[in-house]
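Try each one before you read its solution.

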Amino acid sequence: MTETSPATKADTAKLEEESRSAAKARLAEFWYYFSQNKGAVVGLVVFVLLVLMAVFASLIAPHNPDVQYRDSFLVPPVWQEGGKTEFLLGTDAVGRDILSRLIYGAQFSLFIGVVVVTIALVGGITIGLVAGYMRGAVDTFIMRVMDIILAFPSLLLALVLVAILGPGLINAMIAIAIVLQPHFVRLTRAAVLAERSRDYVVAARVAGAGHFRLMFKTILPNCLAPLIVQATLSFSNAILDAAALGFLGMGAQPPTPEWGTMLAEAREFILRAWWVVTFPGLAILITVLAINLVGDGLRDALDPKLKRS
Amino acid sequence: MLRFLLGRLGLLIPTFFGVTLVAFSFIRLLPGDPLDLLAGERGIDPERKAELMAQMGFDKPLWQQYIDYVIGIFQGDLGTSFASKKPVLDEFMTLFPATAELALCAIILAVCLGIPAGIFAAVKRGSIADQAIMGTALVGYSMPIFWWGLLLIIFFSGILQWTPVSGRISLLYFFPQVTGFMLIDSLLSGEKGAFLSAVRHLILPSIVLATIPLAVIARQTRSAMLEVLGEDYVRTARAKGLPPRSVIGLHALRNALIPVITTIGLQVGVLLAGAILTETIFSWPGIGKWLVDSIARRDYFVVQGGLLLIAGIIMLVNLIVDVLYGLINPRIRHT
């Protein structure tokens, strides 16, 4: 078996070529269904713009987000009486440019989303695969632990975890990831249970594939669609929860230009300076809305049951 | 049915003990021991500390502390608040009606608007009305409600001056609490204007808390209706010439509502999490604000007790929803 005849080599090359074009066709099909949903395309465009804004924050932002202009406290936006052209969206109570803080804030929100989803996804998939693949006592134990996590409102549990770990952005992200993880565990487990007795899995097992190969290479790729949709929803949830923790003073700490923290700092000025409250929240809403639009589009494109309806 | 019920209860028991374990571990996982936290920066005399540790049972082995804790729970002892020196359960009981009143108003608002909106969107599928309703629902679903609350305050309390900014009722009114529900108590008191004041205080927080459940219920109702409207029995009902109203109301809606009821049940967790933010914004004296304040002032026995009670409520409501679901839908109970 160690020798490979030229014929088999050619076959392998052909097979690879075929699988590549199949992948291309699948991607084209996915894009076809995704682009049918206009909202999803708009969401994707907004999301890409946000990413660009975060990446090039230092080039776009007109001011340093932490510099306090002592002669410009609570300057209203430029179109209002008293506004200054150098501060398009006005300044906050200590004279910092709100637009620049919002632009830098995009970095934090997207970073939070990426880190939280990565932790929750990797942890959730691994635990879910183990539960669904092993069954028995391991499965029961894991699922009971997940039930316990889900018995608490997510924000409350995150708050309590942050109280244990100490306030701060990193700890807030860990707490939110722990809280979001059970959804991935449940989804993965359900998908694995549906797949594990299928013929191709049995065939792979008979052919001698080990546990890890069966779990990660054979079964996992076929369970990805619902996980991708859930990951998108978790991305927006993570941003919302992190902003909520920041708002309650348990997330990113001032003077970090995180949007929720900015709102918390602005609270006492709500009746005097509407702009310090309005813009950070609007930024959160637009970001979360864009991601949820993409999520809806992904679900339509990846879920074959809804596709035909 | 009995077997189904017992099965559900059987699943609940390990979860309940898990929840007690989480609440129990919470205080022990905090950096530093509880008494150092309590003493704060002033510090505490070692002798007095040992005495207090023994008094509170912190010197016993962990497993025994846990058993004592669980026994205490069954006797209604959830610890004592550092700040008020009152039992946690008593504090909870005084504050809970405020949260319950707010949450009930919010869920009623969400159901009364969400279900009709979802039905309408499904029936008029693809129309501008459908797109507008679903667009609004997605915005509501994506809403950072703490910001939404602040916006409403700016507009309705700041600019229009229609509603008060905080609290449950104007300080002008004072009457005994009978039910703990301000709307009912103010009516019972017979004081002029008290009921109106309670309503005006309740409106904005209810809208804020209802926003996400409303969006979820509208979306869920629409998709459940769409699924049912494509079924054969609906087509049959149409074919035999029934008016659209009875096809939608009688044949479609009753079946579409089954998943919607589950969704409504699941909103309890969303409501309690939302109450944390809503009550903080509107200074609403309920358990959400109580917990946030307690975390801020490190009153950890309150947090521990609150965790347990809130998880208990959510588990109880989920059980009730499960049982209701089994009652409506026999297919579930026999699987």
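**Exercise 1.** In this predicted model, work out how many residues of chain B are in contact with chain A, which elements of chain B supply them, and how they divide by class.

*Solution.* Start with the count: 36 residues of chain B are in contact with 34 residues of chain A. Next, go through the elements of chain B that give two or more residues to this side: α1 (2-29), α6 (128-141), α7 (145-159), α11 (244-281), α12 (287-296) and α13 (300-328). Finally, sort that side of chain B by class, and you get 30 nonpolar residues, six polar and no charged.

**Exercise 2.** Describe how α5 (residues 136-150) and α7 (residues 169-195) of chain A pack.

*Solution.* Two packed helices are described by the angle between their axes and the distance between the axes. Here the axes come within 9 Å and cross at roughly 140 degrees. Roughly antiparallel needs an angle over 145, so α5(A) is oblique to α7(A). As for handedness, the crossing of α5(A) past α7(A) is left-handed. Now list who meets whom: A:Ile142, A:Met146, A:Ile149 and A:Leu150 come from α5(A), while α7(A) brings A:Val179, A:Pro182, A:Val185 and A:Arg186.

**Exercise 3.** Sum up the fold of chain A: which secondary structure does chain A have, and what does chain A span?

*Solution.* Count the elements of chain A: 13 helices and zero strands. Along its principal axes, the C-alpha trace spans about 80 × 45 × 45 Å. Of the 309 residues in chain A, 44% count as buried.

Conventions
Residues numbered from 1 in each chain as written. Chains lettered and ligands numbered in written order. Predicted model: local features only at pLDDT ≥ 70, side-chain atom pairs only at ≥ 80, totals over all residues. Helix = DSSP H or I, 4+ residues; strand = E, 2+ residues; numbered from the N terminus. Buried ≥ 20, exposed ≤ 12 C-beta atoms within 10 Å, placed from the backbone. Contact = placed C-beta atoms within 7 Å. Nonpolar A, V, L, I, M, F, W, Y, C, P; charged D, E, K, R; others polar. Axes fitted to C-alpha atoms, helices over the stretch in contact; angles between N-to-C directions. Parallel < 35°, antiparallel > 145°, perpendicular 65-115°, else oblique. Left-handed = near helix turned anticlockwise from the far one by under 90°.
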